[in-house]
Amino acid sequence: MKKIGILGGTFDPIHCGHMIIARLAMEQYGLDEVRFMTGGNPPHKSGNAITPARLRHGMVMSAVAGEPGFTADDFEVNKESYSYTAETLTALGEIYEGAELYFIVGEDSLRDLPGWYRPETILKNCILLVYPRYDMIGLDELIKARAEELGGDIRKIDAPLFGVSSTEIRERAEAGLSVKYLVPESVIKYMKEKRLYKTEDHQGGRITMDVKEMKKKLARSLKKKRYKHSIGVSREAVRMAKLFGADEEKAYIAGLLHDCAKCYEKDEQLEICKKYGVEVDRMTDLCPAVLHAPAGAALAEREYGIEDREILSAIRHHTTAGADMGLLDKIIYVADMTEPGRKYDGVETLRSLSAKDIDAAYTEALRQTLTFNIEKYAIVHPDTLEAWNAEMAGKKCRE
């Protein structure tokens, strides 16, 4: 029987204590793997400011990369609703049918367990492994008391007491102090790249609006069907980002916001462009279906707090493409055409390519766009023609 350890947490940020506990649990109980389950929307953190789930999960992925037997699990990150441990373990029991689940928690969590949502269900679906936080001797008594009260199989992890906490790490980082030796080096690098925890970086950061607020604002400005499409594109973009090595957070945000100006009327889109200094050339004006892209990039920057050039470029080029498309540009262009709600001749071909080769998928997406417009005797935007010629020229050079 396969033994799977689950170490759940907010991981804001993940630190070396988490890594050591997971390794000790694996060794002491013969676990085949430990899955680090990033809490997406933890109810016990409601009302508290926490780092967006995608960024927290990005830190977890950085921490476990290359660590034998460790896996980053985004099961809860992908949930819209609150993440309750009882529900998660029940679902995992179905996903990993036949496996034995070991849920790893700290002594403090065991103390609070009676107040958790459906604690009996938690203990029914796993073996609970507990590591000491405050009192190594008292932990044995606590385990015995909880087992008598709630039932289930509760065991201790023999581990040293760790004084480090995520709160302390955030406070040190925000104060400009070193977190070396407290956090894996890969996570420190990720924190620096994403400008996490430092107050001055938050003020000048690339994404200044919380993702939840971003989604609420987007839902108010889009029709229900268009909002559903945007969610589909964001998920499709993340799938391709994982496959082809793009930044998953950027892919998610670009996919989410790519149509943020779609439901405005043409004159409103033109007004947005004028307000934010976006030049609209004659051909774009003659192609109203593509106007929401430059307008959307302006809205994303000025009203959704997006300062990242790659994200803004992907939004700007998702309708017409262009001659100098980067990886994220191509992913959003293809994701817009392959999200689950799309149904047209050729979409399955494009979906198949998007699982194997992003350049081939992008080229096919351009071909389909050109063919569609030509067959309708419609205008082909010059940027789309430039994109096609750039791809064909590049292909000739490679040959």
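## Cavity in the model

On a 1 Å grid over the protein atoms alone, a cavity is a set of points where a 1.4 Å probe fits but cannot get out. By this rule there is one cavity of 30 Å³ or more, in a model that is predicted, with local features needing pLDDT of at least 70, side-chain atom pairs counting only at pLDDT 80 or more, and totals for chains, interfaces and linings using all residues. Residues are numbered from 1 along each chain as its sequence is written, and side-chain values use heavy atoms, with hydrogens and water left out.

The largest cavity has a volume of about 40 Å³, a volume being the space filled by probe spheres set on the points, which are joined across faces, edges and corners. Its lining (residues with an atom within 4 Å of a point) consists of Phe 103, Val 105, Ser 109, Leu 110, Leu 113, Trp 116, Ile 122 and Leu 128. Strand E4 (100-106) and helix H4 (107-112) are the elements that give two or more residues to this lining. By class, the lining has seven nonpolar, one polar and no charged residues.

## Crossing of H17 and H19

The crossing of H17 and H19 is left-handed.

Residues in contact (heavy atoms within 4.5 Å) include Leu 327, Ile 331 and Met 337 of H17, and Ile 358, Ala 365 and Thr 369 of H19. By class, this contact has 10 nonpolar, two polar and two charged residues.

Methods. Left-handed = near helix turned anticlockwise from the far one by under 90°. Helix = DSSP H or I, 4+ residues; strand = E, 2+ residues; numbered from the N terminus. Nonpolar A, V, L, I, M, F, W, Y, C, P; charged D, E, K, R; others polar. 1 Å grid on protein atoms, 1.4 Å probe; cavity = no way out; pocket = protein on both sides within 12 Å on 5 of 7 lines; lining within 4 Å.
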